[in-house]
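Keep the viewer open as you read, and turn to each place as we reach it.

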Amino acid sequence: MTILVPAMLLSALLLSSCTRTVHTTSAGLVKHPEKVPQASQISTLMKRQIVNAADAGDGDAIVRELRQKMTADPNNVRIRIELARHYEQTGYPELAAEHYRLAAVQFPDSADIAVGQARLLRNLDLPGQAMTALAKFRAAHGAVPCEVLSWIGILEDEAGELAKAEESYRAALAVNPKSDSLHNNLGYNLLLQGKKTEAADELRKALAIAPHSQIARNNLGIALASQPKEAVLHMQSVSDPATAHNNLAAVLIEQGLYSEARTELNIALGYRNDHPAALSNLQLVSELDGKPFAVLPHVQASRWRRFGGGLKRVLLGTEDPVGAEESVKTASK
């Protein structure tokens with residue numbers, strides 16, 4: 001279940017092969033005093049010895065094994081990648097970056113190495129170098145794999161170059177039109193550009209390929225915010241009704257549509273009057289529009305009256321149960 005709150009709506013991007021979630025890191029500041037005490041010099045020397053030992057594989061059976069394999073089979077790309085990933089996972093990203101750099105020189109036609117290097121550089125908060133590496137690979141190859149194009153799009157998105165990112169995603173989809181994550185990423189990009197109709201089309205394509213994708217379904221709900229009933233249907237398919245209406249309200253708050261947001265929040269609280277996110281968002285709306293914090297008393301009663309009518313029709317045999325269940329889901333919209 002995903003609960004959306006304002007200012008945190010558009011983070012549903014997927015990462016992996018031809019995919020995209022945005023994570024940013026920031027480098028810390030390091031002080032370099034003019035004179036280093038002798039104790040610090042010893043500590044620094046010990047740390048360097050530890051790093052050198054790690055580079056040589058001392059104390060790490062996996063590293064020793066991978067380095068032996070690499071020596072025996074120096075043209076095996078997969079071993080190089082596996083060694084770089086191991087260094088990254090065990091807390092030595094700089095060593096991983098160096099192995100990727102050397103591998104990129106030795107295997108200039110490997111898309112896996114190009115993408116791995118770019119992903120690591122991005123995680124090290126070096127998106128410019130990541131883009132340079134991928135751009136170099138793209139320029140050197142006529143047919144570029146979708147993974148490379150997808151990651152170029154991701155980096156362009158994060159740099160705010162949305163039009164360029166759209167072109168990169170479309171180029172990737174031309175290579176692999178059956179990728180649900182690529183359709184989601186393009187839909188996300190179009191959503192950022194305000195192209196909601198086109199975004200909804202791409203997100204529907206993603207869901208046609210992967211019907212259970214919660215990220216794509218939530219994004220589609222956001223794209224359809226101007227069509228509340230359809231938006232809630234999509235959001236409700238991956239959450240409970242109260243959360244679905246709250247999520248739509250969060251989107252409306254972002255758009256400055258406070259009256260509409262109040263309506264959705266009251267519906268959410270009609271389903272569950274102690275829903276914490278809905279209560280918080282209602283308080284936020286009250287602060288933004290200056291109107292009292294209040295839950296409309298008729299909402300819950302109205303919903304149950306409609307539910308009761310539907311149930312009565314089923315019991316009397318005038319409506320089929322499936323239709324009645326659907327009326328329960330959508331009665332308060």
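The side chains of Glu166 and Gln193 are joined by a polar contact of 3.0 Å; a polar contact here is a pair of N or O atoms within 3.5 Å, where within protein one atom must be able to donate a hydrogen and the other to accept it, and residues adjacent in sequence count only if both atoms are side-chain atoms. Bear in mind that this is a predicted model, in which local features need pLDDT of at least 70 and side-chain atom pairs count only at pLDDT 80 or more, while totals for chains, interfaces and linings use all residues. Residues are numbered from 1 along each chain as its sequence is written, and side-chain values use heavy atoms, with hydrogens and water left out.

Glu166 belongs to helix α8; helices (H or I, at least four residues) and strands (E, at least two) are DSSP runs, numbered from the N terminus. With a relative accessibility of 12%, Glu166 counts as buried, on a scale where buried means under 20% relative accessible area, exposed over 50% and partly exposed in between (1.4 Å probe, protein chains only). Which residues does Glu166 contact, leaving aside its neighbours within four places in sequence? They are Leu186, Asn189, Leu190, Gln193 and Lys195, where contact means heavy atoms within 4.5 Å.

Glu166 also forms a salt bridge with Arg170, and their closest N and O atoms are 3.0 Å apart. The term salt bridge stands for a side-chain nitrogen of Lys or Arg within 4 Å of a carboxyl oxygen of Asp or Glu. Side chains of opposite charge can pair when their charged atoms come close. Arg170 and Glu166 are separated by about one helical turn, because they sit four residues apart in helix α8 (residues 162-175). While Glu166 is buried, Arg170 is partly exposed at 35% relative accessibility.

The structure holds eleven salt bridges. One of them links Glu202 to Lys205, with the closest N and O atoms 3.5 Å apart. These two residues are three places apart in helix α10 (residues 196-209), so about one helical turn separates them. Glu202 is buried at 7% relative accessibility, whereas Lys205 is partly exposed at 42%. Arg272 and Asp274 form another salt bridge, their closest N and O atoms being 2.9 Å apart. Both partners are partly exposed: Arg272 has a relative accessibility of 38% and Asp274 one of 46%. Elsewhere, salt bridges with shared partners join Glu166, Arg170, Lys195 and Glu198 into one network.

Now turn to helix α9 (residues 180-192). Its 13 residues reach 18 Å from the first C-alpha to the last, close to the 18 Å expected at 1.5 Å a residue; the expected span is 1.5 Å times one less than the number of residues. How many of the 13 residues of α9 are buried? Eleven are, which leaves the helix mostly covered. Among the buried residues are Leu182, His183, Leu186, Tyr188 and Leu190. Their cover includes α7 (146-158), α8, α10 and α11 (214-223). Just after α9, Gly194 takes a positive phi of about 85 degrees.

Two further places are worth a stop. Helix α4 (residues 93-106) has 14 residues and reaches 20 Å between its first and last C-alpha, close to the 20 Å expected. Its buried residues include Leu95, His99, Tyr100 and Ala103. Asp125, in the loop between α5 (111-123) and α6 (127-140), has a positive phi of about 65 degrees although it is not a glycine. Asp125 is partly exposed, at 37% relative accessibility.

Stepping back to the chain as a whole, its secondary structure comes to 17 helices and zero strands. Of its 333 residues, 40% are buried. The chain exposes about 17800 Å², with carbon and sulfur atoms supplying 57% of that; accessible areas come from the Shrake-Rupley method with a 1.4 Å probe, and for residues only the protein chains shown count as cover.

Finally, a word on confidence. The mean pLDDT of the chain is 74, and 69% of its residues reach 70 or more; pLDDT is the predictor's confidence in each residue, from 0 to 100. Confidence is highest in α8, at a mean of 96, and lowest in helix α17 (residues 321-330), at 31. Over residues 19-39 pLDDT stays under 50, and the model has 30 contacts beyond four places in sequence for them.
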